[in-house]
Amino acid sequence: MACVVQVSLAALLLLPMAPAMHSDCIFKKEQAMCLEKIQRANELMGFNDSSPGCPGMWDNITCWKPANVGEMVLVSCPELFRIFNPDRDMGVVSRNCTEDGWSEPFPHYFDACGFDEYESETGDQDYYYLSVKALYTVGYSTSLVTLTTAMVILCRFRKLHCTRNFIHMNLFVSFMLRAISVFIKDWILYAEQDSNHCFISTVECKAIMVFFHYCVVSNYFWLFIEGLYLFTLLVETFFPERRYFYWYTIIGWGTPTVCVTVWATLRLYFDDTGCWDMNDSTALWWVIKGPVVGSIMVNFVLFIGIIVILVQKLQSPDMGGNESSIYLRLARSTLLLIPLFGIHYTVFAFSPENVSKRERLVFELGLGSFQGFVVAVLYCFLNGEVQAEIKRKWRSWKVNRYFAVDFKHRHPSLASSGVNGGTQLSILSKSSSQIRMSGLPADNLAT
């Protein structure tokens, strides 16, 4: 029986609320337990290769204990079938031990457990999970390239260095780290198309999962910082941005460090199984899940508060404009705030993990992977301040280039004489600085 494709587990683990165990690992775990049971039963019953009867076996679906000739063994349908068919009444499958060995199962798995339905569902799921993986791979790759470009722009221009953009830059870094951690985890854990990841338990593997969870939690907390900063900016009259920025940095990077460290310590002492990529203990998982859900809920409250403040400001007589323009500006402001605050995560924040799993995958993985791209475009490339600074640098470069060409044409003897490049550059720099000091409008410099 073919195992479910590995991407299903890889995709589900990207969610802030990962399932305890996936299908391919469930079968591997059941197989290992079956072999142990068979060995214990053989020792208890005194079975060996030459003994009459039927030896215990794993038929790739369920476990059959050793039996004597003429004995009938009954087993229940595997637990995995109950997960995929929760509304179906699961039956019992039997085999008879004959002199020729085990008989065929009766009733067949098709009839007793809905095995045909399971196979069709897993086939559809394999294709579905591969599609979702391709979607979030494209999304995170696009976001990573866009965010890197945005970071270069914000770091390059000194006039863009302010508290607001520093917070944006930290948010961009958290999105970049999240994308990188996803690629590393997929590459390390799920590069091979088998189920070996179910039993990996190395220090390197666990370190990767700790890093992955840290990046995800940090991303959520910097979304929370963005909301908190904007709300405080609108509410407080006197706002010491620089002093608050240090606290924002401590919250954005320090709180995830504490949460993930506590979780890793508890996993090490109380649930040190596998690669820490599956969460059998719900209580331990809440050490990470709790702060994430809390930050989402607080951000939602801040989002509502900011919308109320925007409504009050837009309806003020000083703003002017008719009612339709007010609502248009309000709608535009709201749509701009949603990706910055991560408000879309509230849709599934409190829903049970086994409810609307497919919708959650598309929403939180497929669409969520493009969130970094949307944030970079809205708050860097479409930012008026950023665009003005890029245009200013472009005009300055054109002016410098124009004077450099004009200088060579008017003084060709200098280019071949003993005047070195350093002297020419100093002259050009002095000329361009005089132009900037002259106070000419930007439009005149462009013509």
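Q: What should I know about the model and the numbering before we start?
A: This is a predicted model, in which local features need pLDDT of at least 70 and side-chain atom pairs count only at pLDDT 80 or more, while totals for chains, interfaces and linings use all residues. Residues are numbered from 1 along each chain as its sequence is written, and side-chain values use heavy atoms, with hydrogens and water left out.

Q: How many residues has helix α9, and what is its reach?
A: Helix α9 covers residues 282-314, which is 33 residues. Helices here are DSSP runs of H or I of at least four residues, and strands are runs of E of at least two, numbered from the N terminus. From first to last C-alpha, α9 reaches 46 Å, close to the 48 Å expected at 1.5 Å a residue; the expected span is 1.5 Å times one less than the number of residues.

Q: Where does α9 bend?
A: The bend is at I288 and is about 40 degrees, with the proline P291 following within four residues. A bend is the angle between axes fitted to the seven residues ending at a residue and the seven starting there.

Q: What does UniProt place at residues 286-310?
A: The unreviewed UniProt entry places a "transmembrane region" there, and another at 166-184, among others. Such annotations may be inferred rather than shown by experiment. In the model, residues 286-310 are 100% helix, with end C-alpha atoms 35 Å apart; residues 166-184 are also 100% helix, and their ends lie 27 Å apart.

Q: Changing topic, which residues lie nearest the centre of the second largest pocket?
A: They are R164, L230, L337, L340 and Y379, out of 17 lining residues. A pocket is an open set of points on a 1 Å grid over the protein atoms alone, where a 1.4 Å probe fits, with protein on both sides within 12 Å along at least five of seven lines; lining residues have an atom within 4 Å of a point.

Q: Which helix gives the most to that lining?
A: Helix α7 does, with 5 residues.

Q: And which cysteine in the chain pairs with C34?
A: C34 forms a disulfide with C63, their sulfur atoms 2.1 Å apart; the criterion is a pair of cysteine sulfur atoms within 2.5 Å. The torsion about this S-S bond is about 80 degrees, so the disulfide is right-handed. C34 sits in helix α2 and C63 in strand β2, 29 residues apart.

Q: Which residues does the cis peptide bond join?
A: F106 and P107, with omega about -15 degrees. P107 is in the loop between β5 and α4.
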